[in-house]
Amino acid sequence: MEGDIAQMGQFIGAGLAAIGSGAAAIGVGHVAGNFLAGALRNPSAAGDQTATLFIGIAFAEALGIFSFLVALLLMFAV
Amino acid sequence: MANKAEDGGLAIHPMDQFIVKPLFGDGPVLWYTITNVTLWMALAVAAMVLMMVVGTRGRAIIPSRAQSVGELAYGFVHKMVEDVTGKDGLAYFPYIMTLFLFIVMANFLGLIPMSFTTTSHIAVTAVLGFGVFLAVTVLGFVKNGASFLSLFWVSSAPLLLRPVLAVIELISYFVRPVSHSIRLAGNIMAGHAVLKVFAGFAAVTWVAPVAILGMVGIYALEVLVSFIQAYVFTILTCVYLRDALHPHH
């Protein structure tokens, strides 16, 4: 019984941690969407900024990956 | 260990593909044991050598197909280092080129069915990430001396805010190697786990067509992710290098 409750806690915690992935998705979408909005206004300047785009996406995504890691740790390491 | 394949309901466990096994026999995995990770890392290095050394051996004016691919990769990374780091960063171009090629080859080799993805292991990517972190920190102090610390002292901010910003900058500096390595490993691991989950669904008769179509789509996405994550790893290395060479805001 106690083990079951601990396991339930693990699964609920992993599910809650997965919410962070959704938040990271919002962040990445925000970066990419704003880049596209800017790129359509001034397409000639867009090519030089793709590196900045990917850096921004990487930083936004890193925190989502952290929450994914927490979920994995709860599922397999705890 | 809560989740076994039997009570998961799937025919295969999605995380089984990441198990490190000895290549010969069933002994314990020690630091010198030749494992499947060793094999696939060696294959990644062999692929690099094949592309950049053997492929460009002809040095033809009109390049062969292999040589054009090598030249394309070289030019791509060279332009990235020059754009992000500046002219003085080109001295470190060989290191960055090696990093990029190794990650891209390891990612693509991992996409071959039944192969092993070395970059899905944090142990592998952490060596790459912390290697970059150490190299960049040492380089920053060697090139700038104590004035490298001005990276943390944002002189454009109001004086009152600067200590607070220094703490934040310091934390973000030390989180860099962690996020740098976990981003690569996490992305690759998550993608391959999703592929295996869909493969597990394909064993159930009535969802099999949908699952197989989904796998094709996700596989295509994974090819894209493999390249983009190698690109992101490399470009962040360039950004960190730029901070080390020019720490002043």
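Chain B has seven helices and zero strands, where helices (H or I, at least four residues) and strands (E, at least two) are DSSP runs numbered from the N terminus. Read from the N terminus on, the order is simply α-α-α-α-α-α-α. This is a predicted model, in which local features need pLDDT of at least 70 and side-chain atom pairs count only at pLDDT 80 or more, while totals for chains, interfaces and linings use all residues. Residues are numbered from 1 along each chain as its sequence is written, and chains are lettered from A and ligands numbered from 1 in the order in which they are written.

Along its principal axes, the C-alpha trace of chain B spans about 65 × 55 × 40 Å. Buried residues make up 28% of the 249 residues in chain B; buried here means that 20 or more other C-beta atoms, placed from the backbone, lie within 10 Å of the residue's own.

As for the partner chain, 17 residues of chain B are in contact with 14 residues of chain A, contact being C-beta atoms, placed from the backbone, within 7 Å. Helix H3 (65-85), helix H6 (162-201) and helix H7 (208-245) of chain B each supply at least two residues of the side that touches chain A. H6(B) gives the most to that side, with six residues.

Methods. Two residues are in contact if their C-beta atoms, placed from the backbone, lie within 7 Å. A residue is buried if 20 or more other C-beta atoms lie within 10 Å of its own, exposed if 12 or fewer, and partly exposed in between; C-beta atoms are placed from the backbone.
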